[in-house]
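User: Please walk me through the structure below, one topic at a time.

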Amino acid sequence: MTDRLMMNRRRVLASAAGLGLSVTFLGRPALADTDGALDKRKLVVVICRGGMDGLSVSPPVGDADYQGLRRGIAFKPEDVLKLDGTFGLHPALTSVHALALKGQARIAPAVATPDRARSHFEAQDVLESGSAQVYATTSGWLNRALEALPASRKAQGLYVGATTPLILRGKVQAASWSPGKGVDETARLPTLLQDLYKTDPLMGPAFARGLETESMAQVAMTAMATPVEPLVAAGGMAAPGMMAASAVGRGGRAGRDAARKLGATLAGFMVQDGGPRIAALSLDGWDTHAGQVGQINTRLTYLDAVLSGLNTGLGDEWKNTVVVTVTEFGRTARANGTGGTDHGTASTALVLGGALKPGGIIGDWPGLAQPALYENRDLAPTLDMRGLFKGLLGDHMGLDRAALESRVFANSAEARAVTGLV
Amino acid sequence: MSLPSKDIMAALAVTRFGLGARPGDIAGARRDPRGALIDQIDGRGADQPQDNPETAAQRFVAMRAYQELRREARDDGDPRTVAVQQANKAIRDKAAADFLARARLGASTASSFRERWALFWANHFTVSGAKELTAVMVGPFEQEVIRPYAFGRFEDMLVASTTHPAMLTYLDQAQSVGPGSLAGARNGRRGLNENLAREILELHTIGIEAGYSQADVTEFARALTGFSVGREDEDRAGQFVFRENIHEPGARTLLGKAYRPDQLGQGVAILKDLAAHPATARHVAFKIARHFVADDPPPALVARLEQSFLKSGGRLDRVALTLVEAPEAWEPAATKFKTPYEFLISSWRLIGAQPSAFERITVPLIGLGQRGFSPPSPKGWSDMAGEWCSPDGLIKRLQWSQAFAAVVADKLDPNEAASAALGARLTAPTAQAVARAETRREAIALLLMSPEFQRR
């Protein structure tokens, strides 16, 4: 690959940052694998920040109460991508729907964290920490999952993005990468700095992991097969906050390309020998209090593009992969007075992957009849998100049940693991 | 609790309380480090980055005009006409100029504690360019809400924030309609939006630990209906207006207290009670201590600030003084990890210069995950080391430091620069690494990336 092409790819990816996209991942060690197939298993967690409206992700067009609650922002049955007699997918989720038709994507339509405060920040804390109580721990459940992996499959961490999300903070030092110029880890300056940081418990491990990841990044970028056209809306020169807005206004083709390439680059990391097997990715902008139809269409277009990029980029490894998209809470069952929805409770999780067993919805559908609504306001949760995570970590990633219950999701007995998904 | 030496205190005054040392700053603060900070507390407010700046109202009108132009172009089938693109650039340039002016003030001011104090409050009352209409009003919001009241009363800042067009658009208040109001009764499709009410309770005032209910949020949202912004075709275009016809009539009960019907006065009365609530004092005290001193701040410091806030009736000049006078705030070990903005501004201060163009500062900030004027949520930017000291973040800081050093190093004596930047906080290993560097560029990059320069 020429330098110029590489720079273009980096620029396209850099623009993903302007869309509120960031990727986070944890990896496996370069140690020999002794657990056979388990050693190939991959898990990607997509966090949709801001409170994603599940009733827009998988509109329950067959539910008798749906149209009445959603009024002007409701989908007509013929406008959604049909899943079954009750549910469809949002029309922007074309890649997800194609996978669903192959039995490689399912929905959990009424999932929630154990938090009920309807605060973004509390609910994200609970989602990422895996605790039942808010601010109970400063480590994330994906980090503790790595810690709990058996010695033969001990993983090291890696994430892409400029900041560290809680879900990956903890004892295992995660590596990280985001598009940029690249650093030669053998150069003099990095070596001198490693020396300067050798007694620094925060900067030392973080810097060392950052250097290691740079070389892997080169391979991941090279692995991106699609040629890249120069991007007009490259984030760098735009005024603060204006880029995302202008991308929305034009239907966001540039954003969609950036999102797909981000997914493909993440896949490029994951398919490498010794590459990460556990990843987390954030997509923000879901707090749709007003005029939500257009915003959600744009965000779901990006989400679909990221998932599509992952799917195609992983190639053969897709069969070893499960991707789960979750949000901190759903939104009110009724549309509010400003064409949007306010903070609610249950939402939809998407579960995708070649490792997934085909099947219907995950968890029960409580329905939208007024007595079924939580506090006469929100879609009621029927599934604790921790149960979904525990099931996937146990069945798919092969984590020990006892470790899951005691260390990764302590005090989560009431959230029974959802088994049999893979 | 004893205080550290004058030398350490001088370095802390400039780098922890302030935004970093310009050449000579630490030496200048040595005689009376606390006094140097106290002198910066100014009842007239924080400094304004620009003379005769545009107002939020002017920006609102300009953005509306641009949006109208774009809509017409779209209706005509070509949304990317030259006129639209020029208008887009003109309006983006305004926001860019605001941000550059603020960065230049931060890099150049002799009163950088005052500036940090203002930045803290701007982050407390976050408005973000993540929303198009709000994006051009972030700078004016700081000018009109934050800076004038930075050393005034918290209550005044809260009311100013809650009645400012940037906040009213950012958190969707402007369109919230009381279902029982005249307009609500006429059009059943319009109704409440509780976004601003919830975030005022959770983020601006009492905090979620205070334990309010969904009913409190909804009641507050009802009380706030009518808080709106003048449309472009109205007299008060782009300014706060109270719209009686969308205000939910009736008495409200919030946190156990009844509020009689009083139009605009009802919402203002609630805001004043929230400002005076003990939970607000606690919430604000903790955030100040966390921002200035440690991610897990000393409880004794939080208690002092809380008392100061309560006793003074939320006078922020008194709270700032309490912070400076608190011995816990002068702990010699620096644990606060600089945010990207703080890191970049302190680097310009180190060389006694200012960013010369918007691109110089916005491009690295985007790479470091802190796009200017665009916090990702109403909670504002994180203050925590765990968030910013990431592997990728450090690599990006190194890349920027190398590029910065390549431009500036040849004019600097690295040993002098290290001493001037960190004073008594400079450690032997860093001093040695700087002294032994092969080139000035290497020396300056090492200094910028040193553990003590990355912290404050």
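Analyst: Strand 5 (residues 105-112) of chain A and strand 10 (residues 347-352) of chain A run antiparallel and are joined by five bridges. Strands are DSSP runs of E with at least two residues and helices are runs of H or I with at least four, numbered from the N terminus; two strands pair if DSSP finds at least two bridges between them. This is a predicted model, in which local features need pLDDT of at least 70, side-chain atom pairs count only at pLDDT 80 or more, and totals for chains, interfaces and linings use all residues. Residues are numbered from 1 along each chain as its sequence is written, while chains are lettered from A and ligands numbered from 1 in the order in which they are written.

User: How many residues of strand 5 of chain A are buried?

Analyst: Eight of its eight residues are buried, so strand 5 of chain A is largely enclosed by the rest of the structure. A residue is buried if 20 or more other C-beta atoms lie within 10 Å of its own, exposed if 12 or fewer, and partly exposed in between, with C-beta atoms placed from the backbone. Across chain A, buried residues account for 62% of the 422 residues.

User: What about strand 2 of chain A?

Analyst: Strand 2 (residues 42-48) of chain A has seven of seven residues buried, so the rest of the structure largely encloses this strand as well. In a regular strand, side chains alternate between the two faces of the sheet. In strand 2 of chain A, A:Lys42, A:Val44, A:Val46 and A:Cys48 point one way, A:Leu43, A:Val45 and A:Ile47 point the other way, and all are buried.

User: Which strands does strand 2 of chain A run parallel to?

Analyst: Strand 2 of chain A runs parallel to strand 9 (residues 321-327) of chain A, with seven bridges joining them. It also runs parallel to strand 8 (residues 278-283) of chain A, through six bridges. A:Leu43 stands opposite A:Val322 in strand 9 of chain A, and A:Val45 has A:Ala280 as its bridge partner in strand 8 of chain A.

User: Moving on to helices, at what angle do helix 6 and helix 13 of chain A cross?

Analyst: The axes of helix 6 (residues 141-148) and helix 13 (residues 401-408) of chain A cross at roughly 135° and come within 10 Å. That makes helix 6 of chain A oblique to helix 13 of chain A, since angles under 35 degrees count as roughly parallel, over 145 as roughly antiparallel, 65 to 115 as roughly perpendicular and the rest as oblique.

User: Which residues meet there?

Analyst: A:Trp141, A:Arg144, A:Ala145 and A:Ala148 of helix 6 of chain A meet A:Ala403, A:Arg407 and A:Val408 of helix 13 of chain A. By class, this contact has five nonpolar, no polar and two charged residues. Ala, Val, Leu, Ile, Met, Phe, Trp, Tyr, Cys and Pro count as nonpolar, Asp, Glu, Lys and Arg as charged, and the others, Gly among them, as polar.

User: Where is A:Gly398 found?

Analyst: A:Gly398 is in the loop between helix 12 (385-396) and helix 13 of chain A. This residue is partly exposed, with 16 other C-beta atoms within 10 Å. From C-alpha to C-alpha, A:Gly398 and A:Asp39 are 9.0 Å apart in space but 359 residues apart in sequence.

User: How many residues of chain A are in contact with chain B?

Analyst: 59 residues of chain A are in contact with 65 residues of chain B, where contact requires C-beta atoms, placed from the backbone, to lie within 7 Å. Helix 8 of chain A gives the largest share of the chain A side, seven residues. That side divides into 25 nonpolar, 22 polar and twelve charged residues.

User: Finally, which residues of helix 22 of chain B are buried?

Analyst: They are B:Pro414, B:Ala417, B:Ala418, B:Ala420, B:Ala421 and B:Leu422. Their cover includes helix 1 (6-17), helix 2 (25-29), helix 18 (340-350), helix 23, helix 24 (440-449) and helix 25 (451-454) of chain B. After helix 22 of chain B comes B:Gly423, with a positive phi near 55°.

Technical notes. Contact = placed C-beta atoms within 7 Å. Axes fitted to C-alpha atoms, helices over the stretch in contact; angles between N-to-C directions.
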